Amino acid sequence: MISRTPRRYDLDCLNWPDLFPYKPQVAVEVSHSGSELHLHFMVTEKAVLSACETDRQKIWEDSCVEFFFSPRPDGIYYNLECNCIGKIYFCRGANRSEREFLPPESYELVRRRSSLGSEAFGLREGDCSWELWLDVPACVYGLESFEGLEAQGNFYKCGDRLPERHFVTWAPIDTPRPDYHRPEFFQTIVFE
């Protein structure tokens, strides 16, 4: 249940331990105000990377958190991917190969704040903790409100270009290799 009071979800599924055994500490607190979804990610990892300087770059290669979300039973899901300094990659579609970017005005509506600031700094090695806040209006998902919504989704953390690549999730994914674009493994998310 997602309510107006934040609920914590731990991203502790290590789905591919033989290939990628490293698991950073990751949690997200989720709440909504009816018209907005509020995501607060808390991450502790061995190194942090922010190479992407603008939206729509290869955000998943940096220290990245993600929310994949299917608000309706129409087969369309949204992937909101955000690096540790608040740069986002935001698309929608029915599967991995049929994605389209949300329009620029949708990007502008997503408010973001990071404890690491908003300027790219490259790689920082050594234990690092950081936090990221995202406020996402219902309208970017084509919704009037989150109130009473029953939907599907999953939360992820990755870092494809970090010294220790990793892929952790909230809900398990049963595939031989990392693949977040698998809506058949999304879990039910109910908004009060």
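These are my notes on the model, point by point.

1. Ground rules. This is a predicted model, in which local features need pLDDT of at least 70 and side-chain atom pairs count only at pLDDT 80 or more, while totals for chains, interfaces and linings use all residues. Residues are numbered from 1 along each chain as its sequence is written, and side-chain values use heavy atoms, with hydrogens and water left out.

2. Overall make-up. The protein chain has one helix and 12 strands; both kinds of element are DSSP runs (helices H or I, at least four residues; strands E, at least two), numbered from the N terminus. In sequence order the pattern reads β-β-β-β-β-β-β-α-β-β-β-β-β.

3. Dimensions. Along the principal axes, the C-alpha atoms fill a box of roughly 45 × 35 × 35 Å.

4. Of the 192 residues, 52% are buried (under 20% relative accessible area, with exposed over 50% and partly exposed in between; 1.4 Å probe, protein chains only). Among contacts (heavy atoms within 4.5 Å) with a separation of 6 or more, 62% come from residues 24 or more positions apart. The protein chain exposes about 8,800 Å², and carbon and sulfur atoms supply 47% of that area; the method is Shrake-Rupley with a 1.4 Å probe, and for residues only the protein chains shown count as cover.

5. The open sheet. Five strands line up as β1-β2-β3-β9-β8, with antiparallel pairing; a pair needs at least two bridges found by DSSP. At the edges sit β1 (7-10) and β8 (111-114), each pairing on one side only. From one strand to the next the twist averages 20°, using axes fitted as lines to C-alpha atoms (for helices, over the stretch in contact) and angles from 0 to 180 degrees between N-to-C directions. On the β1 side, four bridges make the antiparallel link to β2 (residues 25-32), and Arg7 stands opposite Val30 in β2.

6. β4 and its partners. I'd look at this strand next: seven of its seven residues are buried. Cys64, Glu66, Phe68 and Ser70 are covered on one face, and Val65, Phe67 and Phe69 on the other. β4 pairs antiparallel with β5 over six bridges, with Val65 facing Cys82 as its bridge partner. The two strands form a hairpin with six residues between them, and Gly75 in that turn has a positive phi of about 85°. β4 also runs antiparallel to β10, joined by seven bridges; here Glu66 has Tyr156 as its bridge partner.

7. The cores. A nonpolar core here is a set of buried Ala, Val, Leu, Ile, Met, Phe, Trp, Tyr and Cys residues joined through side-chain atoms within 4.5 Å. The largest one has 41 residues, and Phe90 and Tyr141 have the most contacts inside it. Elements giving it two or more residues include β4 (64-70), β5 (77-83) and β6 (88-93). Beyond its neighbours within four places in sequence, Tyr141 touches several aromatic residues, among them Phe67, Phe69, Tyr78, Phe90 and Phe146. A second, separate core of 16 residues includes Trp16, Tyr89, Phe167 and Phe185.

8. Asn154. Asn154 and Phe185 are 31 residues apart in sequence, with their C-alpha atoms 8.1 Å apart.

9. Two arginines. Arg92, in strand β6, counts as partly exposed at 25% relative accessibility. Its contacts beyond four places in sequence include Tyr77, Tyr78, Glu98 and Glu100. Arg56 belongs to the loop between β3 and β4 and is likewise partly exposed, at 36% relative accessibility. Check its backbone: Arg56 has a positive phi of about 70° although it is not a glycine.
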